[in-house]
Amino acid sequence: MFYLKFILILAVLFNASCSQKIQKNGLSSIKINEIKIEEGITTKSNLIKKYGPPVFDSVFNQNTIYYVSHLTGYKNLSDRKTLNLVVFEITFNDKNIVKKFKKYNKFDSKNVKISKKNFLEKNNTSIQFWKDIINNLRRRNVED
């Protein structure tokens with residue numbers, strides 16, 4: 001009887017470790033597919049009332065927000081795989097009315113063009129700030 005319990009416990013642990021784990025980030029898949037936007041009519045406040053605050057604002061353009069739904073799955077000791085990805089990029093005019101919007105999915109990420117600019121600008125203070133922190137950490141570790 002003891003061996004039977006032991007084998008059952010091992011089978012349950014093995015099964016649990018091999019099952020796929022799902023992680024959801026951003027809006028739910030159902031909610032993001034319900035987003036309805038009309039250029040020139042929909043306002044930023046209407047979007048926030050219906051769908052909540054955006055997942056993030058654009059760093060480069062203050063009139064652009066993003067709603068994202070990202071679903072990933074993985075098994076123990078394996079890489080994460082994107083199961084579903086939907087991104088709404090919404091740009092507003094000066095009156096906070098939708099100027100244009102784009103909807104992307106996980107297949108569109110393969111068509112992203114990377115800038116050919118491969119050097120850092122000398123006036124980029126934020127990158128210099130992080131470089132200084134990393135250099136200071138290295139110095140501190142060497143002194144210890």
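What share of the 144 residues in the protein chain is buried? Buried residues make up 20% of them, where buried means under 20% relative accessible area, exposed means over 50% and partly exposed lies in between (1.4 Å probe, protein chains only).

Before you start clicking, note that this is a predicted model, in which local features need pLDDT of at least 70 and side-chain atom pairs count only at pLDDT 80 or more, while totals for chains, interfaces and linings use all residues. Residues are numbered from 1 along each chain as its sequence is written, and side-chain values use heavy atoms, with hydrogens and water left out.

**Stop 1: the whole chain.** Show the cartoon and follow it from the N terminus: the elements run α-β-α-α-β-β-β-β-α, giving four helices and five strands. Helices (H or I, at least four residues) and strands (E, at least two) are DSSP runs, numbered from the N terminus.

Stop 2: Select F2, Y3, F6, I7 and L10, which make a nonpolar surface patch of about 610 Å². Patch residues have over 30% relative accessible area and no salt bridge, with like charges joined within 9 Å and nonpolar side chains (Val, Leu, Ile, Met, Phe, Trp, Tyr) within 5 Å; a salt bridge is a side-chain nitrogen of Lys or Arg within 4 Å of a carboxyl oxygen of Asp or Glu. F2 sits in helix α1 (residues 2-18) and is exposed, at 60% relative accessible area.

**Stop 3: the core.** Next, select I32, I35, I37, L47, Y67, F88 and I90, the residues with the most contacts inside the largest nonpolar core, which has 13 residues. Such a core is a set of buried Ala, Val, Leu, Ile, Met, Phe, Trp, Tyr and Cys residues joined through side-chain atoms within 4.5 Å. Two or more of its residues come from each of α3 (44-51), β3 (64-74) and β4 (81-92), and β4 gives the most, with four.

**Stop 4: S69.** Stay on strand β3 and pick S69, which is buried at 3% relative accessible area. Its side chain reaches the backbone oxygen of L27 at 3.0 Å. Not counting residues up to four places away in sequence, S69 touches N25, L27, S28, S29, I32, N84, L85 and V86 (contact: heavy atoms within 4.5 Å).

**Stop 5: N96.** Finish in the loop between β4 and β5 (98-105), where you will find N96. N96 is not a glycine, yet has a positive phi of about 60 degrees; N96 is partly exposed, at 36%.

Methods
Areas by Shrake-Rupley, 256 points an atom, 1.4 Å probe, with all protein chains shown as cover. Polar contact = N/O pair within 3.5 Å; in protein donor to acceptor, adjacent residues only side chain to side chain.
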